[in-house]
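Student: I would like to go through this model feature by feature. Please give the general idea each time, then the case at hand.

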Amino acid sequence: MSQYDLRHLVTGSEPKAAAMVRELRAQGITHEALLSVMGTLPRHQFVEPAFSHLAYSATPLPIGRQQTISQPLTVARMTQWLLQYARLGRVLEIGTGSGYQTRILAHFFNKVHTIERHQSLHNKAKQRLLSMGVGNVEYWFGDGQIGWPQKIEMDAVIITAMASKIPLALTDCLKQDGILIMPIDQPTQHIGCWRKKGDRWQCLGTESAHFVPLLEGTEDA
Ligand code: SAH
């Protein structure tokens with residue numbers, strides 16, 4: 001973790017981040033490197049300033065454009081699945097949002113490809129991560145349901161918005177044995193982790209969760 005990140009934490013958020021990590025542990029997050037990254041990342045810099053005092057609390061928070069950053073436990077569960085099951089080569093993320101999940105993926109994967117349909121969120125997240133010195137992320141403003149603009153095979157795909165079905169473009173770009181993490185509202189809202197096995201899916205885990213919806217098209221603001 002860079003000194004830049006730590007300096008910001010030392011100015012007041014360190015106890016809150018440590019309490020968040022204790023809570024994550026109590027809820028079954030066991031991956032030490034993940035807990036360490038989440039305990040040192042300045043989560044308060046990723047939410048709207050009016051909510052920064054709540055940034056380490058167990059709640060989703062506004063990030064602008066009526067979108068939300070997921071609560072810490074949801075981010076931790078999805079990432080822990082990836083760390084447990086995926087090859088940590090190339091990952092595609094749909095829904096850059098604030099860039100918080102992107103930042104964590106960038107710590108563990110060689111390369112992160114991330115797509116956001118709101119131009120202003122895309123711009124802000126990109127600037128934020130570049131200013132933190134994160135260099136292994138490719139950003140795209142567009143509709144993530146169409147997939148990455150170039151044909152690139154992914155080791156994992158993570159969708160951070162709720163869908164009713166899995167977009168085909170996203171399963172097509174996944175390698176054999178690749179890992180898909182996504183929230184889905186059928187039959188009830190939950191997040192799931194699946195491994196691609198030919199044209200079948202092996203379910204590796206599910207948890208209940210709430211997310212903003214996966215939407216079509218783009219928005220220029
Ligand atoms: N992972 C984010 C939280 C994202 S909230 C974070 O850590 O902050 C879900 C995001 O998905 C929102 O920013 C929303 O605009 C985006 N989104 C929804 N549908 C999308 C689509 N089809 N393509 C790309 N992004 C999408």
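Student: What should I know about the model before reading it?

Tutor: This is a predicted model, in which local features need pLDDT of at least 70, side-chain atom pairs count only at pLDDT 80 or more, and totals for chains, interfaces and linings use all residues. Residues are numbered from 1 along each chain as its sequence is written, and side-chain values use heavy atoms, with hydrogens and water left out.

Student: At what angle do helix α2 and helix α3 pack?

Tutor: Axes are lines fitted to C-alpha atoms, for helices over the stretch in contact, and angles run from 0 to 180 degrees between N-to-C directions. Helices (H or I, at least four residues) and strands (E, at least two) are DSSP runs, numbered from the N terminus. Here α2 (residues 14–26) and α3 (residues 32–40) pack at about 150°, and their axes are 9 Å apart. The two helices are therefore roughly antiparallel to each other; angles under 35 degrees count as roughly parallel, over 145 as roughly antiparallel, 65 to 115 as roughly perpendicular and the rest as oblique. The crossing of α2 and α3 is right-handed, a crossing being right-handed if the near helix is turned clockwise from the far one by less than a right angle, and left-handed if anticlockwise.

Student: Which residues of α2 and α3 meet?

Tutor: Contact means heavy atoms within 4.5 Å. From α2 come Ala17, Met20, Val21, Leu24 and Arg25, and they meet Glu32, Leu35, Met38 and Gly39 in α3. By class, the contact of α2 with α3 holds 6 nonpolar, 1 polar and 2 charged residues. Ala, Val, Leu, Ile, Met, Phe, Trp, Tyr, Cys and Pro count as nonpolar, Asp, Glu, Lys and Arg as charged, and the others, Gly among them, as polar.

Student: How do α3 and α5 cross?

Tutor: Their axes come within 11 Å and cross at roughly 135°. That makes α3 oblique to α5, and the crossing is right-handed. Ala33, Leu34, Val37 and Met38 of α3 make the contact with Tyr100, Ile104, His107 and Phe108 of α5. The contact of α3 with α5 has 7 nonpolar residues, 1 polar residue and no charged ones.

Student: Is α5 mostly covered or mostly open?

Tutor: Buried means under 20% relative accessible area, exposed over 50%, partly exposed in between (1.4 Å probe, protein chains only). Mostly covered: 8 of the 9 residues of α5 are buried. Among them are Tyr100, Arg103 and Phe108.

Student: How is an aromatic pair described?

Tutor: A pair of aromatic rings is described by the distance of the centres and the angle of the planes. Rings of Phe, Tyr and Trp (its six-membered ring) pair if their centres lie within 6.5 Å; planes under 30 degrees apart count as stacked, over 60 as edge-to-face and the rest as tilted. The whole structure has 2 aromatic pairs. In the pair of Phe46 and Tyr100, the ring centres are 5.3 Å apart and the planes are at 75°, so the pair is edge-to-face. This pair links distant parts of the chain, with Phe46 in the loop between α3 and β1 (61–64) and Tyr100 in helix α5 (residues 100–108), 54 residues apart. Phe46 and Tyr100 are both buried.

Student: Where is Leu170, and what does Leu170 contact?

Tutor: Leu170 lies in helix α7 (residues 168–172) and is buried, at a relative accessible area of 0%. Leaving aside neighbours within four places in sequence, Leu170 is in contact with Leu92, Ile94, Gly144, Gly147, Val157 and Ile159.
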